[in-house]
Amino acid sequence: MWKRFAIAVGCGDVPRIRSLVAAELRHGSGVSAIVEKVEAAALRAYRPLGYVQTEYKLAYLLYQMGGRLIANVAHQALGLPSIDTVKRHRSTAPLQSSAGFPTHEELNANLSICYPSDDARDTSCSGVIEGAQMPVDELKISERLRWDPRTNMILGVCREHGKQTALEYRSQFQADTLLKCLKNKTVHLATEATVIGCSIFSSDSRKNVTKPFVVSGTCKRETVHNQTMLLRRASSTLNAKLRSMNCRLYCLSSDGDAHRRQSFITLTLDRDHLESSPIHPLLTSLPLFNLKCGEEDITPDFDCKHVLKRFRNTLLCQKGVVINGISLNTSIIKAHLVENGMASSTADTLLTPNNKQDVVLMMKLLHSITLLKPSLESDKPTSKSTRRVLRRLLGKLYRHLLQAYTDVSLSLSKQLVHLSAASHLILAIYNQEKGEFIPVQTCFDTAAMIKNVYFCVAQVQKDNPDGSFWIVLIGLDGLEKVFGKVRTMVSNDTNADQYQLTNHIDGAVQCVNILEEHPEWALPDDINEVSSKYDHISPKSWRGDVSVKNVVLSGCWMEGRRMAEEDLCEAGITPPMLKVDGWRLSTLSYDVQ
(Lines give C-alpha, C1' and ligand atoms only; values in the text may rest on other atoms or scores of the structure.)
Protein backbone atom coordinates (compact mmCIF):
# COMPACT_ATOMS: atom_id res chain seq x y z
CA MET A 1 0.00 0.00 0.00
CA TRP A 2 2.84 2.40 0.81
CA LYS A 3 4.37 1.56 -2.56
CA ARG A 4 1.08 2.47 -4.23
CA PHE A 5 1.08 5.74 -2.27
CA ALA A 6 4.63 6.53 -3.41
CA ILE A 7 3.71 5.81 -7.02
CA ALA A 8 0.60 8.00 -6.80
CA VAL A 9 2.59 10.90 -5.39
CA GLY A 10 5.61 10.43 -7.64
CA CYS A 11 3.71 10.02 -10.91
CA GLY A 12 0.71 12.28 -10.41
CA ASP A 13 0.56 16.07 -10.48
CA VAL A 14 -1.18 16.59 -7.14
CA PRO A 15 -1.84 20.20 -6.12
CA ARG A 16 -1.45 20.95 -2.40
CA ILE A 17 -0.41 17.40 -1.56
CA ARG A 18 0.67 18.49 1.93
CA SER A 19 -2.75 19.96 2.74
CA LEU A 20 -4.49 16.88 1.36
CA VAL A 21 -2.50 14.41 3.47
CA ALA A 22 -2.74 16.61 6.58
CA ALA A 23 -6.54 16.86 6.23
CA GLU A 24 -6.93 13.10 5.83
CA LEU A 25 -4.72 12.40 8.84
CA ARG A 26 -6.81 14.76 10.95
CA HIS A 27 -9.88 12.80 9.91
CA GLY A 28 -8.22 9.52 10.94
CA SER A 29 -8.05 8.10 7.39
CA GLY A 30 -5.90 5.10 6.67
CA VAL A 31 -3.31 4.64 3.94
CA SER A 32 -5.86 3.20 1.51
CA ALA A 33 -8.21 6.19 1.86
CA ILE A 34 -5.33 8.64 1.50
CA VAL A 35 -4.13 6.92 -1.69
CA GLU A 36 -7.63 7.12 -3.17
CA LYS A 37 -7.81 10.84 -2.42
CA VAL A 38 -4.35 11.42 -3.90
CA GLU A 39 -5.30 9.59 -7.10
CA ALA A 40 -8.57 11.54 -7.32
CA ALA A 41 -6.72 14.85 -6.78
CA ALA A 42 -4.28 13.97 -9.54
CA LEU A 43 -7.27 13.56 -11.90
CA ARG A 44 -8.71 16.91 -10.63
CA ALA A 45 -11.72 15.00 -9.31
CA TYR A 46 -11.06 16.02 -5.73
CA ARG A 47 -9.76 19.19 -4.16
CA PRO A 48 -8.97 19.44 -0.42
CA LEU A 49 -10.87 22.13 1.40
CA GLY A 50 -9.36 24.53 3.89
CA TYR A 51 -6.29 26.70 3.41
CA VAL A 52 -3.48 27.80 5.69
CA GLN A 53 -2.40 31.43 6.05
CA THR A 54 0.67 30.86 3.89
CA GLU A 55 -1.53 29.90 0.95
CA TYR A 56 -3.73 32.97 1.40
CA LYS A 57 -0.64 35.17 1.44
CA LEU A 58 0.84 33.58 -1.67
CA ALA A 59 -2.42 33.86 -3.57
CA TYR A 60 -2.81 37.50 -2.52
CA LEU A 61 0.75 38.27 -3.59
CA LEU A 62 0.22 36.71 -7.03
CA TYR A 63 -3.08 38.56 -7.45
CA GLN A 64 -1.62 41.96 -6.55
CA MET A 65 1.63 41.60 -8.48
CA GLY A 66 0.44 39.60 -11.49
CA GLY A 67 -3.22 40.49 -11.77
CA ARG A 68 -6.40 38.46 -12.08
CA LEU A 69 -5.07 36.18 -14.84
CA ILE A 70 -2.08 34.96 -12.81
CA ALA A 71 -4.26 34.50 -9.72
CA ASN A 72 -6.71 32.33 -11.71
CA VAL A 73 -3.87 30.24 -13.15
CA ALA A 74 -2.50 29.69 -9.62
CA HIS A 75 -5.97 28.67 -8.43
CA GLN A 76 -6.45 26.12 -11.19
CA ALA A 77 -2.92 24.76 -11.51
CA LEU A 78 -1.61 24.99 -7.94
CA GLY A 79 -4.81 24.72 -5.97
CA LEU A 80 -4.37 28.10 -4.26
CA PRO A 81 -7.43 29.98 -2.99
CA SER A 82 -9.58 31.76 -5.55
CA ILE A 83 -9.60 35.55 -5.87
CA ASP A 84 -12.94 35.86 -4.05
CA THR A 85 -11.69 33.69 -1.19
CA VAL A 86 -8.51 35.73 -0.92
CA LYS A 87 -10.46 38.99 -0.80
CA ARG A 88 -12.53 37.70 2.09
CA HIS A 89 -9.38 36.94 4.10
CA ARG A 90 -7.09 39.83 3.06
CA SER A 91 -8.70 43.12 2.14
CA THR A 92 -7.12 46.39 1.08
CA ALA A 93 -8.26 49.85 2.11
CA PRO A 94 -7.42 52.62 -0.39
CA LEU A 95 -5.88 55.71 1.13
CA GLN A 96 -7.40 59.15 0.74
CA SER A 97 -5.28 61.13 -1.67
CA SER A 98 -4.90 64.88 -1.15
CA ALA A 99 -6.19 66.91 -4.09
CA GLY A 100 -4.63 70.06 -2.62
CA PHE A 101 -2.57 70.73 0.47
CA PRO A 102 -3.05 67.75 2.88
CA THR A 103 -5.50 68.46 5.67
CA HIS A 104 -5.56 67.12 9.24
CA GLU A 105 -8.73 65.18 8.43
CA GLU A 106 -7.08 63.41 5.48
CA LEU A 107 -3.99 62.56 7.52
CA ASN A 108 -6.00 61.17 10.42
CA ALA A 109 -8.21 59.13 8.07
CA ASN A 110 -5.17 57.57 6.41
CA LEU A 111 -3.44 56.88 9.71
CA SER A 112 -6.58 55.05 10.88
CA ILE A 113 -6.27 52.85 7.78
CA CYS A 114 -2.53 52.26 8.31
CA TYR A 115 -2.90 51.52 12.01
CA PRO A 116 -6.42 50.24 12.79
CA SER A 117 -7.66 50.42 16.35
CA ASP A 118 -6.98 46.69 16.94
CA ASP A 119 -3.33 47.04 15.87
CA ALA A 120 -2.94 50.19 17.97
CA ARG A 121 -4.41 48.40 20.98
CA ASP A 122 -2.03 45.47 20.57
CA THR A 123 0.94 47.84 20.42
CA SER A 124 -0.12 49.90 23.43
CA CYS A 125 -0.83 46.81 25.53
CA SER A 126 2.77 45.66 25.24
CA GLY A 127 3.76 48.29 27.82
CA VAL A 128 6.97 49.17 25.96
CA ILE A 129 7.49 52.48 24.16
CA GLU A 130 8.70 51.89 20.61
CA GLY A 131 10.38 54.44 18.38
CA ALA A 132 9.32 55.34 14.86
CA GLN A 133 10.52 57.37 11.90
CA MET A 134 8.75 59.44 9.25
CA PRO A 135 10.36 58.87 5.82
CA VAL A 136 9.60 61.38 3.05
CA ASP A 137 10.27 60.89 -0.66
CA GLU A 138 8.88 61.67 -4.11
CA LEU A 139 7.70 59.32 -6.83
CA LYS A 140 7.36 60.24 -10.50
CA ILE A 141 3.72 60.07 -11.64
CA SER A 142 1.88 60.44 -14.94
CA GLU A 143 0.72 64.00 -15.52
CA ARG A 144 -3.03 63.58 -15.92
CA LEU A 145 -6.22 64.48 -14.12
CA ARG A 146 -8.38 61.83 -12.46
CA TRP A 147 -11.72 62.00 -10.68
CA ASP A 148 -11.83 60.29 -7.30
CA PRO A 149 -15.40 58.96 -6.83
CA ARG A 150 -14.91 58.40 -3.09
CA THR A 151 -14.12 62.04 -2.33
CA ASN A 152 -15.58 63.69 -5.46
CA MET A 153 -12.28 65.53 -5.92
CA ILE A 154 -10.15 66.04 -9.03
CA LEU A 155 -6.67 64.59 -8.51
CA GLY A 156 -3.46 65.28 -10.43
CA VAL A 157 -3.06 69.00 -9.66
CA CYS A 158 -0.03 70.33 -7.76
CA ARG A 159 -0.63 71.24 -4.12
CA GLU A 160 1.47 74.40 -4.51
CA HIS A 161 -1.09 76.14 -6.75
CA GLY A 162 -4.21 73.98 -6.42
CA LYS A 163 -5.85 76.59 -4.20
CA GLN A 164 -6.14 78.86 -7.25
CA THR A 165 -9.19 76.88 -8.40
CA ALA A 166 -11.94 74.63 -7.06
CA LEU A 167 -10.96 70.94 -7.11
CA GLU A 168 -14.28 69.53 -5.90
CA TYR A 169 -16.31 68.30 -8.88
CA ARG A 170 -19.91 69.50 -8.76
CA SER A 171 -20.55 70.18 -12.45
CA GLN A 172 -18.79 70.70 -15.75
CA PHE A 173 -18.11 74.28 -14.69
CA GLN A 174 -15.37 73.22 -12.23
CA ALA A 175 -13.69 71.09 -14.88
CA ASP A 176 -13.76 73.92 -17.43
CA THR A 177 -12.37 76.40 -14.91
CA LEU A 178 -9.54 74.02 -14.03
CA LEU A 179 -8.72 73.59 -17.72
CA LYS A 180 -8.47 77.37 -18.14
CA CYS A 181 -6.15 77.61 -15.15
CA LEU A 182 -3.94 74.88 -16.58
CA LYS A 183 -3.74 76.70 -19.92
CA ASN A 184 -2.94 79.98 -18.15
CA LYS A 185 -0.34 78.12 -16.06
CA THR A 186 -1.71 79.47 -12.81
CA VAL A 187 -2.19 75.81 -11.87
CA HIS A 188 0.08 72.91 -12.91
CA LEU A 189 -0.26 69.20 -13.33
CA ALA A 190 1.58 67.28 -10.65
CA THR A 191 4.81 65.76 -11.99
CA GLU A 192 5.62 63.86 -8.80
CA ALA A 193 3.79 62.67 -5.72
CA THR A 194 5.18 63.44 -2.30
CA VAL A 195 4.71 60.33 -0.18
CA ILE A 196 5.13 60.45 3.58
CA GLY A 197 5.07 57.26 5.60
CA CYS A 198 5.74 55.81 9.02
CA SER A 199 7.68 52.78 10.16
CA ILE A 200 8.21 51.51 13.69
CA PHE A 201 11.66 50.39 14.83
CA SER A 202 10.87 46.77 15.59
CA SER A 203 12.07 43.30 14.63
CA ASP A 204 8.46 42.46 13.74
CA SER A 205 8.11 42.88 9.97
CA ARG A 206 4.43 43.78 10.42
CA LYS A 207 5.53 46.88 12.35
CA ASN A 208 8.73 47.93 10.62
CA VAL A 209 7.17 47.92 7.14
CA THR A 210 6.73 51.51 5.95
CA LYS A 211 3.08 52.56 5.74
CA PRO A 212 2.41 55.72 3.70
CA PHE A 213 -0.25 58.07 5.02
CA VAL A 214 0.27 61.12 2.77
CA VAL A 215 0.01 61.14 -1.03
CA SER A 216 0.14 64.66 -2.45
CA GLY A 217 0.92 65.91 -5.96
CA THR A 218 3.68 68.46 -6.53
CA CYS A 219 5.04 70.45 -9.46
CA LYS A 220 8.43 70.84 -7.69
CA ARG A 221 7.97 74.61 -7.31
CA GLU A 222 7.26 74.47 -3.60
CA THR A 223 8.93 76.96 -1.28
CA VAL A 224 10.83 75.95 1.82
CA HIS A 225 8.12 77.59 3.95
CA ASN A 226 5.35 75.45 2.43
CA GLN A 227 7.47 72.31 2.64
CA THR A 228 8.04 73.05 6.31
CA MET A 229 4.30 73.52 6.86
CA LEU A 230 3.60 70.15 5.24
CA LEU A 231 6.23 68.31 7.29
CA ARG A 232 5.17 70.00 10.54
CA ARG A 233 1.53 69.07 9.97
CA ALA A 234 2.40 65.49 9.02
CA SER A 235 4.80 64.96 11.94
CA SER A 236 2.48 66.46 14.57
CA THR A 237 -0.48 64.39 13.35
CA LEU A 238 1.64 61.25 13.20
CA ASN A 239 3.07 61.84 16.66
CA ALA A 240 -0.43 62.16 18.12
CA LYS A 241 -1.37 58.81 16.57
CA LEU A 242 1.86 57.19 17.75
CA ARG A 243 1.28 58.31 21.33
CA SER A 244 -2.04 56.48 21.33
CA MET A 245 -0.09 53.36 20.30
CA ASN A 246 2.56 53.81 23.01
CA CYS A 247 5.10 54.79 20.36
CA ARG A 248 7.14 57.93 19.77
CA LEU A 249 8.54 59.70 16.72
CA TYR A 250 12.35 59.73 16.77
CA CYS A 251 13.36 61.16 13.40
CA LEU A 252 12.40 62.45 9.95
CA SER A 253 14.14 60.74 7.02
CA SER A 254 14.90 62.07 3.54
CA ASP A 255 17.18 61.51 0.56
CA GLY A 256 18.87 64.92 0.71
CA ASP A 257 16.48 67.06 -1.35
CA ALA A 258 17.63 70.70 -1.00
CA HIS A 259 14.27 72.20 0.03
CA ARG A 260 13.56 69.36 2.41
CA ARG A 261 16.99 69.72 4.00
CA GLN A 262 16.19 73.34 4.80
CA SER A 263 12.81 72.29 6.19
CA PHE A 264 14.45 69.60 8.31
CA ILE A 265 16.82 72.20 9.73
CA THR A 266 13.89 74.42 10.68
CA LEU A 267 12.01 71.57 12.32
CA THR A 268 14.73 69.43 13.87
CA LEU A 269 17.69 71.72 14.60
CA ASP A 270 15.90 74.75 15.99
CA ARG A 271 16.84 74.42 19.67
CA ASP A 272 19.56 73.27 22.01
CA HIS A 273 19.03 69.97 23.72
CA LEU A 274 17.29 70.56 27.03
CA GLU A 275 19.02 69.43 30.20
CA SER A 276 15.65 68.20 31.40
CA SER A 277 15.48 65.66 28.56
CA PRO A 278 15.86 62.05 29.75
CA ILE A 279 18.57 61.38 27.16
CA HIS A 280 20.63 64.50 27.88
CA PRO A 281 23.00 62.74 30.35
CA LEU A 282 23.74 60.07 27.73
CA LEU A 283 24.81 62.55 25.04
CA THR A 284 26.20 65.60 26.80
CA SER A 285 29.54 63.92 27.58
CA LEU A 286 30.36 63.30 23.88
CA PRO A 287 33.07 65.78 22.76
CA LEU A 288 32.37 67.59 19.46
CA PHE A 289 28.85 66.11 19.33
CA ASN A 290 26.12 68.45 18.10
CA LEU A 291 23.16 68.46 20.50
CA LYS A 292 20.71 70.59 18.52
CA CYS A 293 17.37 68.89 17.92
CA GLY A 294 13.69 69.60 17.43
CA GLU A 295 10.65 69.32 19.62
CA GLU A 296 10.60 66.12 21.70
CA ASP A 297 14.21 65.37 20.66
CA ILE A 298 13.28 64.74 17.00
CA THR A 299 16.34 64.69 14.71
CA PRO A 300 16.90 64.69 10.93
CA ASP A 301 18.13 61.64 9.04
CA PHE A 302 19.43 61.21 5.51
CA ASP A 303 19.27 57.80 3.90
CA CYS A 304 22.63 56.02 4.04
CA LYS A 305 22.45 54.66 0.49
CA HIS A 306 21.86 58.13 -0.93
CA VAL A 307 24.74 59.50 1.16
CA LEU A 308 27.09 56.75 -0.04
CA LYS A 309 26.04 57.32 -3.67
CA ARG A 310 27.01 60.98 -3.29
CA PHE A 311 30.45 59.95 -2.07
CA ARG A 312 30.90 57.93 -5.27
CA ASN A 313 29.50 60.71 -7.45
CA THR A 314 31.98 63.19 -5.94
CA LEU A 315 34.82 60.91 -7.03
CA LEU A 316 33.40 60.79 -10.56
CA CYS A 317 33.37 64.57 -10.97
CA GLN A 318 35.82 65.87 -13.55
CA LYS A 319 37.92 67.69 -10.96
CA GLY A 320 37.78 64.79 -8.50
CA VAL A 321 38.57 65.38 -4.83
CA VAL A 322 41.49 66.78 -2.89
CA ILE A 323 42.73 65.18 0.35
CA ASN A 324 45.79 66.41 2.21
CA GLY A 325 46.77 68.45 -0.84
CA ILE A 326 46.68 65.41 -3.17
CA SER A 327 44.26 65.47 -6.10
CA LEU A 328 42.33 62.26 -6.81
CA ASN A 329 40.41 61.99 -10.09
CA THR A 330 39.03 59.03 -11.99
CA SER A 331 42.21 58.39 -13.99
CA ILE A 332 44.36 58.32 -10.85
CA ILE A 333 41.92 56.09 -8.99
CA LYS A 334 41.69 53.74 -12.00
CA ALA A 335 45.47 53.41 -12.15
CA HIS A 336 45.63 52.36 -8.49
CA LEU A 337 42.72 49.93 -8.84
CA VAL A 338 44.38 48.29 -11.86
CA GLU A 339 47.72 48.09 -9.99
CA ASN A 340 45.80 46.33 -7.21
CA GLY A 341 44.72 43.58 -9.62
CA MET A 342 41.42 44.87 -11.01
CA ALA A 343 40.76 44.46 -14.73
CA SER A 344 40.89 47.71 -16.68
CA SER A 345 37.41 47.15 -18.11
CA THR A 346 35.99 46.60 -14.62
CA ALA A 347 37.61 49.80 -13.37
CA ASP A 348 36.13 51.70 -16.32
CA THR A 349 32.67 50.36 -15.48
CA LEU A 350 32.94 51.39 -11.84
CA LEU A 351 34.23 54.87 -12.70
CA THR A 352 31.85 55.67 -15.55
CA PRO A 353 29.37 58.38 -14.47
CA ASN A 354 26.55 57.09 -16.70
CA ASN A 355 24.37 55.89 -13.84
CA LYS A 356 24.94 57.86 -10.67
CA GLN A 357 22.06 56.13 -8.88
CA ASP A 358 23.37 52.57 -9.28
CA VAL A 359 23.76 51.07 -5.80
CA VAL A 360 25.75 48.07 -7.09
CA LEU A 361 28.39 50.23 -8.78
CA MET A 362 28.59 52.44 -5.71
CA MET A 363 29.11 49.50 -3.38
CA LYS A 364 31.71 47.88 -5.63
CA LEU A 365 33.74 51.06 -6.13
CA LEU A 366 33.83 52.07 -2.47
CA HIS A 367 34.58 48.49 -1.41
CA SER A 368 37.38 48.20 -3.97
CA ILE A 369 39.06 51.32 -2.58
CA THR A 370 38.95 49.83 0.93
CA LEU A 371 40.84 46.77 -0.39
CA LEU A 372 43.82 48.67 -1.85
CA LYS A 373 47.17 47.20 -0.78
CA PRO A 374 50.17 49.21 0.44
CA SER A 375 52.44 50.67 -2.24
CA LEU A 376 55.68 48.94 -3.18
CA GLU A 377 59.11 50.22 -2.26
CA SER A 378 59.91 50.61 -5.96
CA ASP A 379 56.93 52.93 -6.58
CA LYS A 380 57.47 56.62 -7.22
CA PRO A 381 57.10 58.99 -4.25
CA THR A 382 54.00 60.61 -5.77
CA SER A 383 52.41 57.20 -6.24
CA LYS A 384 53.23 56.26 -2.63
CA SER A 385 51.70 59.42 -1.20
CA THR A 386 48.57 59.00 -3.34
CA ARG A 387 48.19 55.35 -2.31
CA ARG A 388 48.64 56.31 1.34
CA VAL A 389 45.80 58.84 1.09
CA LEU A 390 43.59 56.37 -0.75
CA ARG A 391 44.19 53.58 1.76
CA ARG A 392 44.58 55.42 5.05
CA LEU A 393 41.95 58.12 4.62
CA LEU A 394 39.47 57.50 1.82
CA GLY A 395 39.57 53.72 2.17
CA LYS A 396 39.26 53.83 5.95
CA LEU A 397 36.36 56.33 5.72
CA TYR A 398 34.47 54.11 3.28
CA ARG A 399 35.22 51.00 5.34
CA HIS A 400 33.80 52.56 8.48
CA LEU A 401 30.57 53.55 6.71
CA LEU A 402 30.13 50.29 4.79
CA GLN A 403 30.83 48.02 7.74
CA ALA A 404 28.42 49.86 10.00
CA TYR A 405 25.54 49.13 7.64
CA THR A 406 26.50 45.86 5.92
CA ASP A 407 28.54 43.70 8.31
CA VAL A 408 25.76 41.67 9.94
CA SER A 409 28.16 40.18 12.51
CA LEU A 410 28.84 43.54 14.17
CA SER A 411 27.35 44.42 17.53
CA LEU A 412 25.54 47.71 17.96
CA SER A 413 28.50 49.05 19.93
CA LYS A 414 30.89 48.25 17.05
CA GLN A 415 28.54 49.91 14.57
CA LEU A 416 28.52 53.07 16.67
CA VAL A 417 32.32 53.01 16.89
CA HIS A 418 32.63 52.83 13.09
CA LEU A 419 30.15 55.67 12.65
CA SER A 420 32.02 57.81 15.18
CA ALA A 421 35.30 57.15 13.37
CA ALA A 422 33.70 58.16 10.06
CA SER A 423 32.37 61.38 11.63
CA HIS A 424 35.76 62.40 12.98
CA LEU A 425 37.54 61.56 9.71
CA ILE A 426 35.09 63.68 7.73
CA LEU A 427 35.42 66.48 10.29
CA ALA A 428 39.21 66.52 10.02
CA ILE A 429 39.46 66.24 6.23
CA TYR A 430 36.68 68.75 5.58
CA ASN A 431 38.28 71.20 8.00
CA GLN A 432 41.44 71.06 5.88
CA GLU A 433 40.07 70.85 2.33
CA LYS A 434 36.50 72.23 2.62
CA GLY A 435 34.57 71.77 -0.65
CA GLU A 436 37.57 70.29 -2.43
CA PHE A 437 36.91 67.11 -0.45
CA ILE A 438 33.11 66.79 -0.57
CA PRO A 439 30.26 69.28 -1.04
CA VAL A 440 29.06 70.97 2.12
CA GLN A 441 25.64 69.33 1.72
CA THR A 442 27.17 65.84 1.73
CA CYS A 443 29.23 66.74 4.79
CA PHE A 444 26.13 67.96 6.62
CA ASP A 445 23.96 65.01 5.59
CA THR A 446 26.56 62.46 6.70
CA ALA A 447 27.07 64.17 10.05
CA ALA A 448 23.29 64.40 10.59
CA MET A 449 22.83 60.74 9.62
CA ILE A 450 25.40 59.58 12.18
CA LYS A 451 24.16 61.96 14.85
CA ASN A 452 20.63 60.60 14.39
CA VAL A 453 21.81 57.03 15.03
CA TYR A 454 23.29 58.09 18.38
CA PHE A 455 20.12 59.99 19.29
CA CYS A 456 17.94 56.99 18.39
CA VAL A 457 20.02 54.58 20.47
CA ALA A 458 19.89 56.98 23.43
CA GLN A 459 16.11 57.23 23.15
CA VAL A 460 15.70 53.44 23.00
CA GLN A 461 17.90 53.14 26.10
CA LYS A 462 15.41 55.34 27.96
CA ASP A 463 12.16 54.11 26.38
CA ASN A 464 12.97 50.39 26.33
CA PRO A 465 16.15 49.60 28.32
CA ASP A 466 15.93 45.88 27.59
CA GLY A 467 15.17 46.39 23.90
CA SER A 468 17.23 46.20 20.73
CA PHE A 469 17.90 48.61 17.89
CA TRP A 470 18.81 47.96 14.26
CA ILE A 471 20.30 50.96 12.46
CA VAL A 472 19.49 49.35 9.09
CA LEU A 473 15.83 50.16 9.74
CA ILE A 474 16.55 53.89 9.53
CA GLY A 475 16.11 55.52 6.13
CA LEU A 476 14.05 55.29 2.96
CA ASP A 477 14.57 51.63 2.11
CA GLY A 478 11.08 50.62 3.28
CA LEU A 479 9.40 53.41 1.31
CA GLU A 480 11.35 52.57 -1.84
CA LYS A 481 10.28 48.92 -1.55
CA VAL A 482 6.66 50.09 -1.58
CA PHE A 483 7.38 52.25 -4.65
CA GLY A 484 8.87 49.24 -6.43
CA LYS A 485 5.78 47.13 -5.79
CA VAL A 486 3.48 49.92 -7.01
CA ARG A 487 5.45 50.14 -10.27
CA THR A 488 5.09 46.39 -10.76
CA MET A 489 1.33 46.51 -10.10
CA VAL A 490 0.69 49.35 -12.53
CA SER A 491 3.26 48.51 -15.20
CA ASN A 492 7.02 48.57 -15.36
CA ASP A 493 7.04 50.72 -18.50
CA THR A 494 4.75 53.51 -17.32
CA ASN A 495 4.20 55.65 -14.25
CA ALA A 496 1.09 55.52 -12.12
CA ASP A 497 -1.06 58.61 -11.87
CA GLN A 498 -2.01 60.03 -8.48
CA TYR A 499 -5.29 58.12 -8.32
CA GLN A 500 -3.64 54.79 -9.22
CA LEU A 501 -0.86 55.36 -6.72
CA THR A 502 -3.36 55.99 -3.93
CA ASN A 503 -5.41 52.89 -4.76
CA HIS A 504 -2.43 50.55 -5.05
CA ILE A 505 -0.23 51.73 -2.21
CA ASP A 506 -1.96 49.79 0.58
CA GLY A 507 -1.77 46.58 -1.45
CA ALA A 508 1.90 47.30 -2.11
CA VAL A 509 2.53 47.64 1.62
CA GLN A 510 0.91 44.25 2.24
CA CYS A 511 3.00 42.68 -0.54
CA VAL A 512 6.19 44.07 0.98
CA ASN A 513 5.12 42.71 4.36
CA ILE A 514 4.43 39.24 2.92
CA LEU A 515 7.82 39.12 1.19
CA GLU A 516 9.54 40.21 4.41
CA GLU A 517 7.89 37.26 6.16
CA HIS A 518 8.73 34.89 3.26
CA PRO A 519 11.98 36.07 1.63
CA GLU A 520 12.33 32.65 0.00
CA TRP A 521 9.50 33.54 -2.39
CA ALA A 522 11.37 36.36 -4.09
CA LEU A 523 14.69 36.59 -5.84
CA PRO A 524 16.55 39.88 -5.40
CA ASP A 525 15.79 42.52 -8.02
CA ASP A 526 19.49 42.36 -8.91
CA ILE A 527 21.08 38.95 -8.48
CA ASN A 528 24.51 40.55 -8.07
CA GLU A 529 26.10 39.24 -4.88
CA VAL A 530 26.97 42.69 -3.53
CA SER A 531 23.46 44.04 -4.14
CA SER A 532 21.81 40.98 -2.63
CA LYS A 533 23.95 41.19 0.49
CA TYR A 534 23.11 44.84 1.03
CA ASP A 535 19.48 45.12 -0.09
CA HIS A 536 18.20 42.19 1.94
CA ILE A 537 19.72 43.02 5.31
CA SER A 538 17.00 43.04 7.96
CA PRO A 539 16.67 42.46 11.71
CA LYS A 540 16.16 38.75 10.96
CA SER A 541 19.50 38.49 9.16
CA TRP A 542 21.52 40.57 11.65
CA ARG A 543 23.64 38.28 13.84
CA GLY A 544 25.45 40.81 16.02
CA ASP A 545 24.34 41.81 19.52
CA VAL A 546 22.06 44.85 19.11
CA SER A 547 20.83 45.08 22.72
CA VAL A 548 20.94 48.71 23.81
CA LYS A 549 21.69 47.77 27.43
CA ASN A 550 25.18 46.67 26.33
CA VAL A 551 25.98 50.03 24.71
CA VAL A 552 27.87 52.90 26.36
CA LEU A 553 27.51 55.82 23.96
CA SER A 554 30.41 57.85 25.32
CA GLY A 555 32.73 54.85 25.09
CA CYS A 556 31.73 54.14 21.48
CA TRP A 557 32.15 57.78 20.53
CA MET A 558 35.61 58.10 22.07
CA GLU A 559 36.81 54.79 20.63
CA GLY A 560 35.75 55.97 17.17
CA ARG A 561 37.61 59.23 17.71
CA ARG A 562 40.73 57.31 18.74
CA MET A 563 40.54 55.19 15.56
CA ALA A 564 40.14 58.31 13.42
CA GLU A 565 43.11 60.02 15.07
CA GLU A 566 45.21 56.92 14.43
CA ASP A 567 44.18 56.85 10.75
CA LEU A 568 44.96 60.55 10.37
CA CYS A 569 48.40 60.22 11.95
CA GLU A 570 49.27 57.28 9.70
CA ALA A 571 48.29 59.41 6.69
CA GLY A 572 50.50 62.27 7.86
CA ILE A 573 47.75 64.60 9.11
CA THR A 574 47.72 66.10 12.59
CA PRO A 575 44.24 65.44 14.04
CA PRO A 576 42.61 68.86 14.47
CA MET A 577 40.37 67.44 17.22
CA LEU A 578 43.40 67.58 19.52
CA LYS A 579 43.67 71.33 19.09
CA VAL A 580 40.05 72.53 19.11
CA ASP A 581 37.34 71.62 21.61
CA GLY A 582 34.49 73.90 20.57
CA TRP A 583 33.42 72.25 17.34
CA ARG A 584 30.13 70.56 16.65
CA LEU A 585 29.89 68.03 13.84
CA SER A 586 26.76 69.40 12.17
CA THR A 587 27.31 73.14 12.61
CA LEU A 588 30.89 72.96 11.35
CA SER A 589 29.78 71.67 7.98
CA TYR A 590 26.57 73.58 7.47
CA ASP A 591 25.30 76.97 8.60
CA VAL A 592 22.17 76.08 10.57
CA GLN A 593 20.98 79.66 10.58
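Okay, K211: that residue sits in strand β5, residues 211–218, where strands are DSSP runs of E with at least two residues, helices are runs of H or I with at least four, and both are numbered from the N terminus. This is a predicted model, so local features need pLDDT of at least 70 and side-chain atom pairs count only at pLDDT 80 or more, while totals for chains, interfaces and linings use all residues. Numbering runs from 1 along each chain as its sequence is written, and side-chain values use heavy atoms, with hydrogens and water left out.

Back to the lysine. Buried or exposed? K211 is buried, because its relative accessible area is 13%; buried means under 20%, exposed over 50%, and partly exposed in between, using a 1.4 Å probe and protein chains only. Setting aside neighbours within four places in sequence, K211 touches C114, Y115, G197, C198, R206 and V509, with contact meaning heavy atoms within 4.5 Å.

S142 is another one to click on. You'll find S142 in the loop between β1 (130–140) and β2 (146–148), and S142 is buried too, at a relative accessible area of 15%. Which residues does S142 contact, leaving out those within four places in sequence? They are A190, T494, N495, A496 and D497. Take A496: 354 residues away from S142 in sequence, yet 5.7 Å away in space, C-alpha to C-alpha.

Zooming out for a second. The protein has 24 helices and nine strands, and 53% of its 593 residues count as buried. Of the contacts between residues at least 6 apart in sequence, 77% link residues at least 24 apart.

Since 21 of its 24 residues are buried, α19 is largely enclosed by the rest of the structure.

Then there's α4, residues 53–78. A straight helix of its 26 residues would reach 38 Å, but the end C-alpha atoms of α4 are only 15 Å apart. Where is the kink in α4 centred? On G67, with a kink of about 140 degrees; the bend at a residue is the angle between axes fitted to the seven residues ending there and the seven starting there. The buried residues of α4 include Y56, Y60, Y63 and H75. Just after α4, G79 has a positive phi of about 75 degrees.

Last bit, helix packing. Helix α20 (477–490) packs against helix α21 (498–517) at about 115 degrees, axes 8 Å apart; axes are lines fitted to C-alpha atoms, for helices over the stretch in contact, and angles run from 0 to 180 degrees between N-to-C directions. The crossing of α20 and α21 is right-handed. By class, that contact has eleven nonpolar, three polar and three charged residues. Among the α21 residues that meet α20 is V509, which is also one of the contacts of K211.

The other pair is α17 (381–406) and α18 (412–433), whose axes come within 8 Å and cross at roughly 150 degrees. Residues meeting there include L397 and L401 in α17 and L425 and I429 in α18.

Technical notes: The expected span of a helix is 1.5 Å times one less than its number of residues. A crossing is left-handed if the near helix is turned anticlockwise from the far one by less than a right angle, and right-handed if clockwise. Ala, Val, Leu, Ile, Met, Phe, Trp, Tyr, Cys and Pro count as nonpolar, Asp, Glu, Lys and Arg as charged, and the others, Gly among them, as polar.
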